[in-house]
Amino acid sequence: MKSDQSKLAGLPGRGQNVTAKGKDADCVSRSFFPKLLVAEDPVCGSAHCQIVDYWSKELGKTGIHAYQASKRGGHLYCGIRENGRIAISGEATLVAVSEIVVKAVDHE
């Protein structure tokens, strides 16, 4: 699949996910965020909150093995918890280390 970033950017929402039933995994997907200047997220955990909810209902399963078929690619092991939250595990790639500094504001 080749994505047309300008057409994707014209669609509503911040990003677009494409998904299909998988062969070696329950589902495969790709995630695009051109409005955020991210042509394609290599393995998007937040996108899989939607993707896993969909495939869980379609397949009648609470545990979903997902594969994101980007250039880097990655497997996600996901489960629907009793409270409806989605748990996601898999290997991760560290892309940045940051420190957040909060300064008190004097309102005088």
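**Close-up 1. Asp26 and its salt-bridge partner in the predicted model.** At 17% relative accessibility, Asp26 counts as buried in this structure, which is a predicted model. Asp26 forms a salt bridge with Lys61, and the closest N and O atoms of the two are 2.7 Å apart. The pair links distant parts of the chain, since Asp26 sits in the loop between strand 1 (16–21) and strand 2 (27–33), while Lys61 sits 35 residues away in the loop between helix 2 (45–59) and strand 4 (63–68). Lys61, with a relative accessible area of 33%, is partly exposed. A search of the whole structure finds three salt bridges, and the other views of charged pairs follow below.

**Close-up 2. The salt bridge between Arg30 and Glu40**. The closest N and O atoms of Arg30 and Glu40 are 2.7 Å apart. Arg30 counts as buried, at 17% relative accessibility, whereas Glu40 is partly exposed, with a relative accessible area of 24%.

Close-up 3. Asp53 counts as partly exposed at 32% relative accessibility, and Lys57 counts as exposed at 64%.

**Close-up 4. Cysteines without a disulfide**. The structure holds zero disulfides. For Cys27, the closest cysteine sulfur is that of Cys78, and because the two sulfurs are 7.3 Å apart, they are too far from each other for a bond. Cys27 counts as buried, at 0% relative accessibility. Cys44 is likewise in no disulfide, the nearest cysteine sulfur being that of Cys49, 8.7 Å away. At 5% relative accessibility, Cys44 counts as buried.

**Close-up 5. The largest nonpolar core, with 11 residues in all**. Its members include the cysteines Cys27, Cys44 and Cys78, together with residues such as Phe33, Trp55, Ile64 and Leu76. Strand 2, helix 2, strand 4 and strand 5 (74–80) are the elements that give two or more residues to this core, and helix 2 gives the most, with four residues. Leaving aside residues up to four places away in sequence, Leu76 touches several others, among them Val43, His48, Ile64, Ala66 and Ile88.

**Close-up 6. The hairpin of strand 4 and strand 5**. These two strands run antiparallel and are joined by six bridges, and Gly63 stands opposite Gly79 in strand 5. Five residues lie between strand 4 and strand 5, and in the turn Gly73 has a positive phi of about 70°.

**Close-up 7. The hairpin of strand 5 and strand 6**. Strand 5 pairs with strand 6 (residues 86–89) in the antiparallel sense, over four bridges. Cys78, a member of the largest nonpolar core, stands opposite Ile88 in strand 6. The two strands of this hairpin have five residues between them, and Gly84 in the turn has a positive phi of about 90°.

Definitions and conventions. Residues numbered from 1 in each chain as written. Predicted model: local features only at pLDDT ≥ 70, side-chain atom pairs only at ≥ 80, totals over all residues. Heavy atoms only, no water. Salt bridge = Lys/Arg side-chain N within 4 Å of Asp/Glu carboxyl O. Buried < 20%, exposed > 50% of the residue type's maximum accessible area, 1.4 Å probe, protein only. Disulfide = S-S within 2.5 Å. Core = buried A, V, L, I, M, F, W, Y, C linked by side-chain atoms within 4.5 Å. Contact = heavy atoms within 4.5 Å. Pairing = 2+ DSSP bridges.
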